[in-house]
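Hi everyone, thanks for coming.

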Amino acid sequence: MEKNFLTYNMEINGLWQEVRFTAETIEEIFMPFLHELTDLKLTLDRKVIAYLVAPPGAGKSTLAQFLEKLSRERSNEVEPVRALPMDGYHYTAAYMKITTVERDGEKILMNDIKGAPETFDIDLLVEKIREARSEGTDWNIYDRKIHDVLPDFWSVEDDILLIEGNYLLLKEKGWTNVRVLSDYSVFVEAEPNLLRERLINRKVLGGKSREEAEKFFEFSDAKNIERVLKNSARADETWRLLPDGDFEKLCTN
């Protein structure tokens, strides 16, 4: 059966894009999730920290910003949500160009695997999430025009924060300190082959050749996807990315 999509024009990472979801997805998946966060805020009587976790290429930034937009449009039903990216907690470009990590027995520059879990300042991320939950904080962002971190760029005082990223639920050293700060979490599953095509196409649209995009995927993205899909802790809800860009809900834990 052919789906009927609702279309929205939104600015995502500095670029205007057409975003589309079905009315069923919005009413049966997204709105219940926003109601859950609203209920949590009332129950806990404090700021709520929620995580939206997905492997690279699953569209988590777009989804998080759409959920923020939806919460504000439906403010008569749910509390407004502030979407925050995790990418601002990469180490700085200057640091990654001179710092190595070990992978498969070899030392390689952080800059060569930018986006991998090792290239994030976990301690700073933990500190900022704790501040955001208590009195508020200034949040780092990643500027894709200069390909570097902009520290303390956004003032964050909101009551419900939806932090999106790849590794927030990772069961690895350091990341467990991030995981325990979540009040509620959603994990987005996706088929690796679907993610592969989405990521390669994204790189090609960004100016790389197909060969260059495939090479980068195999060297970096493929390993990150595997780590997220195989080594993330169970979330409170699990959704699945479909080939048409829509979502289905798999389970609530």
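Let's begin with Asp 45, which sits in the loop that links H1 to strand S3 (48-53). Before I go on, please keep in mind that this is a predicted model. For background, most residues other than glycine have a negative phi. And is Asp 45 buried or exposed? Exposed, because its relative accessible area is 68%.

There's another residue like that. His 147 also has a positive phi, near 55 degrees, and again it's a residue other than glycine. You'll find His 147 in the loop between strand S7 (137-143) and strand S8 (148-156). His 147 counts as partly exposed, because its relative accessibility is 48%.

Okay, on to helices. Packed helix pairs are described by the angle between their axes and the distance between those axes. Take helix H1 (residues 23-44) and helix H2 (residues 60-73): their axes come within 11 Å and cross at roughly 80 degrees. H1 and H2 are therefore roughly perpendicular to each other. Who meets whom here? From H1 we have Ile 26, Phe 30, Met 31, Phe 33 and Leu 34, and from H2 they meet Leu 63, Phe 66, Leu 67, Leu 70 and Ser 71. By type, the residues in this contact of H1 with H2 are nine nonpolar, one polar and no charged.

Now the other pair. Helix H6 (residues 192-205) packs with helix H7 (residues 210-231) at an angle of about 140 degrees, and their axes are 9 Å apart. That angle makes H6 oblique to H7. The crossing of H6 past H7 is right-handed. On the H6 side the contact includes Leu 195, Arg 196 and Ile 200, while on the H7 side it includes Phe 216, Phe 217 and Glu 218. How many residues of each type are in the contact of H6 with H7? It has 10 nonpolar, one polar and seven charged.

Last stop, the inside. In soluble globular proteins, nonpolar side chains tend to be buried together. Here the largest nonpolar core has 42 residues, and Phe 30, Phe 33, Leu 63, Phe 66 and Val 188 touch the most other members. H1 gives the most to this core, with eight residues. Apart from that core lies another one, of 26 residues, including Ile 49 and Leu 84.

Definitions and conventions:
Residues are numbered from 1 along each chain as its sequence is written. This is a predicted model: local features need pLDDT of at least 70, side-chain atom pairs count only at pLDDT 80 or more; totals for chains, interfaces and linings use all residues. Side-chain values use heavy atoms; hydrogens and water are left out. Axes are lines fitted to C-alpha atoms, for helices over the stretch in contact, and angles run from 0 to 180 degrees between N-to-C directions. Helices (H or I, at least four residues) and strands (E, at least two) are DSSP runs, numbered from the N terminus. Angles under 35 degrees count as roughly parallel, over 145 as roughly antiparallel, 65 to 115 as roughly perpendicular and the rest as oblique. Contact means heavy atoms within 4.5 Å. Ala, Val, Leu, Ile, Met, Phe, Trp, Tyr, Cys and Pro count as nonpolar, Asp, Glu, Lys and Arg as charged, and the others, Gly among them, as polar. A crossing is left-handed if the near helix is turned anticlockwise from the far one by less than a right angle, and right-handed if clockwise. A nonpolar core is a set of buried Ala, Val, Leu, Ile, Met, Phe, Trp, Tyr and Cys residues joined through side-chain atoms within 4.5 Å. Buried means under 20% relative accessible area, exposed over 50%, partly exposed in between (1.4 Å probe, protein chains only).
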